[in-house]
Amino acid sequence: MRYSQMLLPTTKETPSEAEVVSHQLLMRGGFIRKLTSGMYTYLPIGLMALQKVAEIVRQEMNRAGAQEILMPMVQPGDLWEESGRWKKYGPELLRFRDRHDRDYCLGPTHEEVVTDIARRELQSYRQMPINLYQIQTKFRDEIRPRFGLMRGREFVMKDAYSFDVDDEGASRSYENMRQAYYRIFERCGLEFRAVEADSGAIGGSFSHEFMVLAETGEDTLVICDSCSYAANVEKAAIVLPEAVVSDAPLQDMVKVETPGMKKVDKVAAFLKVQPADVIKTMFYLADGAPVAALVRGDREVQSVKLKNLLGATDVEPLDEDQIWQQTRLPVGYLGPVGLELKTVADQEVMRMVNAVAGANEKGCHLTGVNPGRDFQPSVVGDLRQITTADRCPLCGGGLRLKEGIEVGHIFKLGTKYSEAMEAAFQDSDGQAKPFVMGCYGIGVSRVVAAAIEQNHDDKGIIFPVPLAPFQVIVLNLGPKDEAYCTTAEALYNGLRAQGLDVLLDDRDERPGSKFNDADLLGIPYRLTVGKTFEKEGKVEMRSRKTGETQVLALDEAVDVLAGLIRQALS
């Protein structure tokens with residue numbers, strides 16, 4: 001492609017609404033343009049980058065035995081009614097009615113549609129296992145779309161769905177996809193981790209997220225320094241050390257005045273104890289019903305763990321006004337003793353001895369509170385946020401927290417959708433059995449953004465070779481000089497003949513502008529026909545990643561570059 005003929009509107013200015021690096025550079029580099037909130041047009045170079053990701057995904061899905069299909073983006077509401085998600089999915093599901101007053105939605109995911117295909121087309125166990133996938137536009141009506149392609153309302157996704165006759169077969173399909181995902185992200189040239197994760201609105205019994213490690217990630221990962229353990233903080237298991245039996249006598253409960261002491265640290269300081277000696281009581285609405293969650297005073301409730309412990313669909317914290325409306329109790333002085341509400345306690349709380357807790361009376365706390373004797377929670381379990389002071393649940397090693405960007409998620413769905421939608425096949429004994437399903441997603445457009453978040457500098461993008469829209473840019477610094485033009489054209493055509501993706505910068509622009517644009521666009525290799533050509537008859541090759549420059553003879557430049565790129569793609 002010739003730069004002079006391409007729609008490639010680069011700019012020096014950073015758009016005011018672009019908060020993260022990938023959004024800034026994609027806008028500045030002319031990859032995307034905003035249509036409306038959370039929705040973007042891909043300009044030519046942006047579409048090329050998107051297609052590079054999609055092609056790697058497609059090749060590895062096909063290699064894993066999956067078959068590509070294409071399902072409608074618009075889905076009938078009655079399928080979502082069958083699965084039970086029409087009301088449960090929430091406002092992110094964009095619903096509307098057609099001229100016949102029938103309910104429809106824009107697909108945020110396609111479990112219902114593909115299950116409908118399976119129940120129509122798969123009658124026998126002999127037709128399985130089977131895995132169907134698509135690469136297609138999705139729409140989720142995010143309440144606050146932000147960060148460009150990282151969290152838009154409309155995005156491109158690969159979603160695959162496996163159908164098996166039993167759990168054993170489903171586990172094999174899951175592992176097959178897990179290995180395919182490793183190959184995909186390794187081929188994309190990304191630093192990533194697969195982590196245990198919560199299944200969220202998709203459902204299912206087991207899932208892994210594939211996370212690209214980057215400082216601007218929206219998710220926090222827990223990674224062991226000594227073994228392969230990695231998990232999202234929502235899922236990270238906390239293993240308590242062996243209990244130490246206390247020989248301290250159990251004290252009687254005593255109500256003490258703590259006027260104006262609403263915060264744990266202030267209460268602890270006033271009563272001359274540690275925050276770890278205080279029981280912190282937090283209030284939530286779980287599927288519309290109030291519930292109290294108890295953690296140690298130096299801990300934080302992990303809301304997804306709370307949701308899972310309760311088996312709830314939705315959990316949200318209550319603010320001060322809501323707590324008063326629900327309980328008529330004073331915020332800042334809440335505690336579990338005598339509380340006539342469902343109570344969930346973290347496992348650490350049950351080990352506390354002679355603790356401090358709110359007295360459910362304004363300006364008062366209780367000392368000498370002992371779980372089991374003075375209150376009994378409805379549910380006890382792993383409820384709190386993990387910290388770096390905790391130990392790895394697998395090997396006991398040290399943990400560290402890293403930010404990550406979710407680019408893929410795989411789920412064991414089991415029979416959640418097939419049972420709800422009565423999707424069944426005949427087994428070898430002629431009995432009707434529900435399909436055992438798996439679901440496997442990759443945010444294709446998000447991979448582009450995540451790659452930039454992980455690979456950039458103050459000059460612009462540094463694309464990994466497999467994802468670069470162009471692998472080489474040839475800079476002609478003498479566009480009015482016949483010798484310069486002839487040489488640049490020969491290099492351009494020679495590289496293209498080797499099957500490389502090449503951009504020829506033939507514009508009549510200052511050399512500085514050409515160098516800046518080449519760096520901004522993140523093209524892995526730059527071949528410059530400039531002063532070295534004029535003086536020595538040679539060209540300069542520069543690596544965008546390392547900044548290293550090499551002078552090459554004209555007759556070797558094409559072969560050297562082709563070799564470097566093939567090596568990066570192998």
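In what order do the strands of the open sheet of five strands run? In this predicted model, the order is β16-β14-β15-β17-β20, and the pairing is mixed. The edges of the sheet are taken by β16 (315-317) and β20 (379-381), each of which pairs on one side only. Going from one strand to the next, the twist averages 30°.

Within this sheet, β14 and β15 make an antiparallel pair. Strand β14 covers residues 279-286 and strand β15 covers residues 289-296, with eight bridges joining the two. One of the paired positions is Ile279, whose bridge partner in β15 is Arg296. A helix also belongs in this part of the picture: α8, made up of residues 303-310, lies across β14, β15, β16, β17 (342-346) and β20. Relative to β17, helix α8 runs at about 125°.

Another set of strand pairings involves β6, which spans residues 103-106.

Turning to helix packing, α2 (residues 44-63) and α6 (residues 167-187) pack with their axes 9 Å apart and at an angle of about 150°. Since angles over 145 degrees count as roughly antiparallel, the two helices are therefore roughly antiparallel to each other. The crossing of α2 past α6 is right-handed.

Which residues meet where α2 and α6 come into contact? From α2 come Ile56, Val57, Gln59, Glu60, Met61 and Arg63, and they meet Met177, Ala180, Arg183, Ile184 and Arg187 of α6.

Key. Residues numbered from 1 in each chain as written. Predicted model: local features only at pLDDT ≥ 70, side-chain atom pairs only at ≥ 80, totals over all residues. Heavy atoms only, no water. Pairing = 2+ DSSP bridges. Helix = DSSP H or I, 4+ residues; strand = E, 2+ residues; numbered from the N terminus. Axes fitted to C-alpha atoms, helices over the stretch in contact; angles between N-to-C directions. Contact = heavy atoms within 4.5 Å. Parallel < 35°, antiparallel > 145°, perpendicular 65-115°, else oblique. Left-handed = near helix turned anticlockwise from the far one by under 90°.
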